[in-house]
Amino acid sequence: LAKRKDGKESALFGTGNLNEKTAKVYTDYFLMTSNRLLTAELSLLFEFLPSRKKPDKPTDLPFQQLLIAQFNLKQSFVTLIDETIAQVKMGIAASIKIKLNNLEEESLINKLYEASRAGVKVQLLVRGICRLKPQVKELSENIEIKRIVGRYLEHGRIFIFQYRAHTKVYLGSSDWMNRNIYRRIETCFPIMAPTLANRIQQLFEIQFADDVEATFLNETGQNIPVEHPIGNKSQQQIVDYLNN
């Protein structure tokens with residue numbers, strides 16, 4: 001967070017740390033913004049961090065845009081999933097697309113199961129630990145999980161909730177693990193500009209269509225190669241996409 005010459009504040013949000021070694025092999029997402037809603041809430045977070053003295057109730061810190069672990073992050077994701085479930089129950093198609101390093105936290109996994117049972121289409125990119133079992137009858141039939149292992153380590157976190165023309169896109173540092181949600185201060189942030197949100201969605205689609213470096217996770221936890229690959233290598237395709 002920095003103050004500009006014109007008096008406005010600018011902030012850099014990211015999905016990973018700025019490390020000169022890992023930056024050579026990790027893929028991450030960063031947002032530079034002067035949006036006052038985001039910079040004001042980030043300032044509020046920085047005021048809290050030195051003392052770590054939490055208010056009587058987490059909601060006493062008015063985070064409305066940022067999702068902050070130990071404050072509003074988990075409940076916000078529960079609400080976003082509930083919104084897609086509600087739409088499907090009204091006959092409206094809805095989808096959830098999430099990219100994570102690790103998926104472990106039980107209550108959020110159960111919420112994704114609930115969404116699947118309701119008919120929400122769920123696509124997950126999970127690089128490492130994954131405790132969710134996809135494609136289980138009457139539990140997770142609408143959930144697909146892929147893992148990408150390529151030249152670069154997939155480190156970004158993406159959260160997309162969509163129904164009709166309504167789309168909410170978040171990026172952030174938080175995996176859905178107990179340590180990230182309950183013991184650390186992690187931040188997820190909204191992508192408010194439609195052009196940027198659309199770009200993030202396109203990047204996710206490129207990655208989920210990977211049939212070379214990606215494998216499907218089945219209900220027993222095995223990684224299954226994609227049948228009949230046609231050569232969709234997402235890491236190279238993303239480089240080409242960003243260069244256009």
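In the predicted model, the N-terminal end of helix α1 is capped by Asn35, a side-chain oxygen of which lies 2.9 Å from the backbone nitrogen of Leu37. Such a polar contact is a pair of N or O atoms within 3.5 Å; within protein, one must be able to donate a hydrogen and the other to accept it, and residues adjacent in sequence count only if both atoms are side-chain atoms. This is a predicted model, in which local features need pLDDT of at least 70 and side-chain atom pairs count only at pLDDT 80 or more, while totals for chains, interfaces and linings use all residues. Residues are numbered from 1 along each chain as its sequence is written, and side-chain values use heavy atoms, with hydrogens and water left out.

Helix α1 comprises 13 residues (36-48) and spans 18 Å from its first C-alpha to its last, close to the 18 Å expected at 1.5 Å a residue. Buried residues (under 20% relative accessible area, 1.4 Å probe, protein chains only) of α1 are Leu38, Thr39, Glu41, Leu42, Ser43, Leu45 and Phe48. Their cover includes β2 (9-14), β4 (30-33), β5 (67-68) and β12 (187-190).

Asn101 is located in the loop between β6 (94-100) and α3 (106-118). Asn101 is buried, its relative accessible area being 3%. With residues up to four places away in sequence not counted, Asn101 is in contact (heavy atoms within 4.5 Å) with Val126, Arg127, Gly128, Ile129, Glu154, His155, Arg157 and Asp175.

Helix α2 (residues 73-89) packs against α3 at an angle of about 10°, and their axes are 9 Å apart. The two helices, α2 and α3, are therefore roughly parallel to each other, a term for angles under 35 degrees.

Definitions and conventions: Helix = DSSP H or I, 4+ residues; strand = E, 2+ residues; numbered from the N terminus. Expected span 1.5 Å × (residues − 1). Buried < 20%, exposed > 50% of the residue type's maximum accessible area, 1.4 Å probe, protein only. Axes fitted to C-alpha atoms, helices over the stretch in contact; angles between N-to-C directions. Parallel < 35°, antiparallel > 145°, perpendicular 65-115°, else oblique.
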